[in-house]
Amino acid sequence: MSKTAAVEALISFYEGLSAESLARFPEFYADDAFFKDPFNQVRGVAPIQRIFAHLFRQVGEARFVVSERLLADNGAMLVWEMHFRLPARRGQGPPQLIRGVSHLKFDGEGKVVWHRDYWDAAEELYAKLPAIGWLMRFLQRKLAA
């Protein structure tokens, strides 16, 4: 599979990702793939699947939208948004958004061997949480130039 085809297939997978489709990770990730984001660092398809299973248990209506793709000889960068809702006391909370970038490297079969997500947990998540959001916003105002 060409790298372009592998990237497009991976984008389609992520844009349709659900708790039910997690079993498809081995189609796109090598057995010993590395994954890192602001909260996790794991190796292997099963641990990567557990991270996304945890995501679907913690938030409602999670979905990814890839807005840009940059291809290079040794990998790709995907610019994405994750739309979701945090649980509220009664039902789901208001819509939320995290913006991020994934840096990917592929093996010769077109499977992901290295996946690193970059996103600002302070701005994109902590500042939106009721318990500590006020503190994060206060610190951002104090530290701004």
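Predicted model: local features only at pLDDT ≥ 70, side-chain atom pairs only at ≥ 80, totals over all residues.
A few overall numbers before the details. The chain has 145 residues, and 41% of them count as buried. If you take the contacts with a separation of 6 or more, 44% of them are between residues 24 or more positions apart. The exposed surface comes to about 8600 Å², with carbon and sulfur atoms supplying 55% of that.

Let's go to the strands. S1, residues 29-36, runs parallel to S6, residues 112-118, and four bridges join the two. You can find the pairing at Tyr 29, which stands opposite Val 112 in S6. S1 also pairs with S2, residues 41-43, this time antiparallel and through three bridges. Look for Phe 35 there, whose bridge partner in S2 is Val 42. S1 and S2 make a hairpin, with four residues between them.

Now, the inside. Which residues touch the most other members of the largest nonpolar core? In that core of 37 residues, they are Leu 10, Tyr 14, Leu 17, Phe 25, Tyr 29 and Phe 52. Several elements give two or more residues to this core: helices H1 (3-15), H2 (25-28) and H3 (45-58), along with strands S1, S3 (60-72), S4 and S5 (92-106). H3 has the largest share, with seven residues. As a general point, nonpolar side chains in soluble globular proteins tend to be buried together.

On to the aromatics, and there are 13 pairs. Take Phe 13 and Phe 25: the ring centres are 5.0 Å apart and the planes sit at 90°, so this pair is edge-to-face. Phe 13 belongs to helix H1 and Phe 25 to helix H2, so the pair ties together parts that are twelve residues apart in sequence.

Another edge-to-face pair is Tyr 14 with Phe 64, at 5.8 Å centre to centre and 80° between the planes. Here the link goes from helix H1 to strand S3, so it ties together parts 50 residues apart in sequence. Are these two buried or exposed? Tyr 14 is buried, because its relative accessibility is 8% and the cut-off for buried is under 20%. Phe 64, at 11%, is buried too.

Leaving aside neighbours within four places in sequence, Tyr 14 is in contact with Phe 25, Tyr 29, Phe 52, Phe 64 and His 115. One aromatic cluster takes in Phe 13, Tyr 14, Phe 25, Phe 28, Tyr 29, Phe 35, Phe 52, Phe 64 and Trp 80. And there's a charge over a ring as well: Lys 105 lies over the face of Trp 114, 4.7 Å from the ring centre.

Last stop, Met 77, in strand S4, residues 75-87. Met 77 counts as partly exposed, because its relative accessibility is 29%. Beyond the neighbours within four places in sequence, its contacts are Glu 68, Arg 69, Leu 70, Val 101, Ser 102 and His 103. Met 77 and Val 7 are 70 residues apart in sequence, yet C-alpha to C-alpha they are 9.5 Å apart in space.

Key
Residues numbered from 1 in each chain as written. Heavy atoms only, no water. Buried < 20%, exposed > 50% of the residue type's maximum accessible area, 1.4 Å probe, protein only. Contact = heavy atoms within 4.5 Å. Areas by Shrake-Rupley, 256 points an atom, 1.4 Å probe, with all protein chains shown as cover. Pairing = 2+ DSSP bridges. Core = buried A, V, L, I, M, F, W, Y, C linked by side-chain atoms within 4.5 Å. Phe/Tyr/Trp six-rings, centres within 6.5 Å; stacked < 30°, edge-to-face > 60°. Lys NZ or Arg CZ within 6 Å of the ring centre and 35° of its normal.
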